[in-house]
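Trainee: I would like to learn how to read a structure like this one. Could you take me through it step by step?

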Amino acid sequence: MQRKELSKTYDPTKVEEKWYKIWEEKGYFEPTYDEKKPKYSIVIPPPNVTGVLHIGHALNNTLQDVLARYKRMDGWDVLWVPGTDHAGIATQNVVERALAKQGITRHQLGREKFLEKVWEWKEKYGNTIIQQLKKLGASCSWSYQRFTMDEGLSKAVREVFVRLWEEGLIYRGDYIINWCPRCRTALADLEVDFKPTQGKLWHIKYPLEDGSGYIVVATTRPETMLGDTAVAVHPEDERYKDLIGKKVKLPLIGRVIPIIADKVVEREFGTGAVKVTPAHDFTDFEIGKRHGLEFVKVIDEDGKMTEEAGKYAGLDRFEARKKVVEDLRSEGLLEKEEDYEVILGHCYRCGTVIEPLLSKQWFVSMKPLAQPAIAAVKYGFIRFIPENWTNLYFDWMNNIKDWCISRQIWWGHRIPVWYCKDCGATLVSREDIDECTECGSKNIKRDEDVLDTWFSSALWPFSTMGWPERTKTLETFYPTSVLVTSFDIIFFWVARMIMMGIHFMGQIPFKDVYIHALVRDEKGQKMSKSKGNVIDPLEVIKDFGTDALRFTLVALAAQGRDIKLSMARIEGFKHFLNKIWNASRFVLMNLEDYSKEKFNFDELPLWSKWIITELNYTIKEVRKKLDEYEFDQAAMAVYHFFWNKFCDWYLEVAKLYLKDESIRKQTQSVLLKVLKESLKLLHPFIPFITEEIWQYLPEKDTEHIIIAPYPKVNEKEMDLSAIKDVFLLQELVISIRNIKAEYGIAGKKDVKVVFRAEGEEYLELVNKEIEVIKMLTRIEELITTQEYKRQEGEVSAILSSGEVFVELKGHIDVEKEIARLSKEKKKILKKLELAEKKLKNEDFLKRAPEEVVEKHKKEYKELKERLDKIEHYLKELKNE
């Protein structure tokens, strides 16, 4: 029967789009709600609607897809919820920049018109990353796709806000917050990037009110002194004991302020006396509350000085700094100025230096929510993988602060609060209202602020499944099975989802949290546009195909270790795909007369028993490693099996078996079984190439591999003695090949080779497999014996089961070989001397990165092994 033949080479561009479309049309990605199937669910960490696929997304979603495909094939009913985040500040900034090019500001448009523009932008560009995820092969349940501002999620957000308000867990208060003057909004502590910056430390004289002298205060922000309402010293600081309770005149302003004592003051900083500006510093805010100080706001929301700043009013904060320093100097109040490294907070979105400001904001009380979330991890209901992230989680949760949830932007979930201008009531409602529920007045105004983007993201595991309604999806798939994410959002997102899930669902949101590593460049440096070391996954897909990228990322995704990615590595794994393709072609070309005959494992020849046994061991290993989230080890287990065992050994032996009519049919069955099971094992990692080859198989479990059953171990088809015997044969074959290669006679067949066996058992084994050995080593004759001594002109290799001797006489110039090896020995000794020196250098061992030291150790070991081999060969060539 004529079968379809695989093309000579694999072209990803011809198959990827085709198969993705078919899988989607057939509904393979959707859950079935089959009651007999166990349930498995994942929610995607929603990428920003402004986003395009970067290498971190590629890793994160490939790992999720590996799990989803594996579980689906293994008989689970899988729901993988996709979606995007509205990304408040980021999206508003993108649209504002687009409008700026037309000379328009959002304030000129007004709130409603501006929001229309944002929705227009979202409809036009917001789906870009979704299409890119499809290109990556992500088998998400697309009919469940959500957006953090869609109707259902907006209802969930409002319900949560109102309930937290009713429970007394949401409040509004004056508080010092991180403020971005560029984005004109408050930022949570986690949204501030702190960077060491070279600044100055100014020592300023504050004259005592009684004229008896002055106290010197050190500050890195002299412009804020205009808002000082005290000077603070440590109560136990002997230098200032007599000054506590006295008053000073604030330089440049003249306000009289007290000298107070507070234990929070660091005696070692500057002079040990610090200015207190409660409206512009987090520590000072707390001091101000403790001591009942006045709160004077001298910097406004645009980063400009207020009327309270006197003659500096209207100046930009940094201009004011220069002017204040100039004036202090001219009045003789600047004692000294020195270089000082300052840790400056920057807006995580636009990079502007943040300004601590006193402002009315909305907060969530976090401590009551944190306690159950701490317990959930402590008592093992939720586990972090790798486990070391657990301590970081506890550390943050145990020291949690109230969460500032209001943002002064327009794009986002508007806070459902109205203020009555007549009776002063604060009204919180699940529905929009147009009159005061307290006094009936129509004179009400809605709060202008929107909620922090992470507020809606915190509800993602249950809001995406239909909460607050008790939907079938929620009942079936919540809690989810695993969350796959990166470490940088453990606090932003993971911890908050745990808190909200437990509080509103009474259940944890997921059982496992797998934290994957960062993808760095080949040198281990963080990828950035400025360094020019960014690897664009879409470009990689274009050049090498999706499967090559996916397999590379998974194969390098070791737990707790950052990925060092390079194009060379991707190209290397592209060769693996070519190997799979070529091996499949070989198998299929040798199935012309295949007759669907089942084999009896016990009747198989040695190498067939061996490959089936190895297949079962690999199935066991891959399953175990996937279940333990050891993605790299799962991928490499199947990689080594397919390349190093199936291709390098069995396919070569099969060429001989296929010529033997007595075992041809069972060999065909073995070839097909191993190929078929290997494709299924590989499918979660490399879905496209495996689906393409699957279509050419003469017998398949299912129409498409995506729904084929994942391989299970067959204990009845495992033979440990076959593993042991083949190992001994491989050792013999490799030794003969190595000797022939060393002396440049790999292609010569008329080489005398003798195997001396240590024991009857080994002799029988080699005699039984002699034809296979001769074919694999390309020799015409192999003499086997139990008694043999090396002859002149022969070199040998010691094996586990005996010794092998290869005659070189007549094939090589012995003197030339001795000279060649002696020369190489000299070079190696020189290299070893240098390597030894380096590895004994304590300074090098301390300073060099761990991987560099390991590389040198590995090179040293390889040099030693090569030296031993050369000395062995020289000894034998000289007949010593």
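Mentor: Gladly! Let's begin with sheets: two strands pair if DSSP finds at least two bridges between them. Strands (E, at least two residues) and helices (H or I, at least four) are DSSP runs, numbered from the N terminus. This is a predicted model, in which local features need pLDDT of at least 70 and side-chain atom pairs count only at pLDDT 80 or more, while totals for chains, interfaces and linings use all residues. Residues are numbered from 1 along each chain as its sequence is written, and side-chain values use heavy atoms, with hydrogens and water left out.

Trainee: How many bridges join strand 5 to strand 14?

Mentor: Ten bridges link them, and the two strands run antiparallel. As a landmark, look for Asn178, which stands opposite Pro356 in strand 14.

Trainee: What is the strand order in the open sheet of four strands?

Mentor: The order is 6-5-14-16, with antiparallel pairing. Strand 6 (185-187) and strand 16 (403-404) are at the edges, each with a single partner strand, so one side of each has no neighbour in the sheet. Strand 14 (residues 355-364) is joined to strand 16 by two bridges, and Phe363 faces Cys404 there.

Trainee: And what lies between strand 5 and strand 6?

Mentor: Four residues lie between them in a hairpin, and Arg184 in the turn has a positive phi of about 55°.

Trainee: Which helix lies across strand 5 and strand 14?

Mentor: For angles, axes are lines fitted to C-alpha atoms, for helices over the stretch in contact, and values run from 0 to 180 degrees between N-to-C directions. Contact means heavy atoms within 4.5 Å. Helix 8 (residues 282-291) lies across both strands, at about 140° to strand 5 (170-180).

Trainee: Now helices. What should the 15 residues of helix 5 span?

Mentor: The expected span is 1.5 Å times one less than the number of residues. For helix 5 (residues 111-125) that gives 21 Å, and the end C-alpha atoms are 21 Å apart, which agrees.

Trainee: Which residues of helix 5 are buried?

Mentor: Buried means under 20% relative accessible area, exposed over 50%, and partly exposed in between (1.4 Å probe, protein chains only). In helix 5, Arg111, Phe114, Leu115, Val118, Trp121 and Lys122 are buried. They cover an arc of only 115° around the axis (taken from the directions from the axis to the C-beta atoms), which puts them on the same side of helix 5. On the other side, Glu112, Glu123 and Lys124 are exposed. The cover over the buried residues includes helix 3 (88-100), helix 4 (106-109), strand 4 (146-147) and strand 21 (450-451).

Trainee: How many residues are in the largest nonpolar core?

Mentor: A nonpolar core is a set of buried Ala, Val, Leu, Ile, Met, Phe, Trp, Tyr and Cys residues joined through side-chain atoms within 4.5 Å. The largest has 217 residues, and Phe455, Trp607 and Phe685 have the most contacts inside it. Helix 20 (residues 631-657) supplies the largest share of this core, 16 residues. Beyond its neighbours within four places in sequence, Phe455 is in contact with residues including Val157, Phe161, Trp403 and Met500. Another core lies apart, with 35 residues, among them Tyr206 and Ile299.

Trainee: One last stop: is Ser481 buried or exposed?

Mentor: Ser481 is buried, with a relative accessible area of 10%, and is found in strand 22 (residues 480-486). Ser481 and Lys511 are 30 residues apart in sequence, yet 5.4 Å apart in space, C-alpha to C-alpha.
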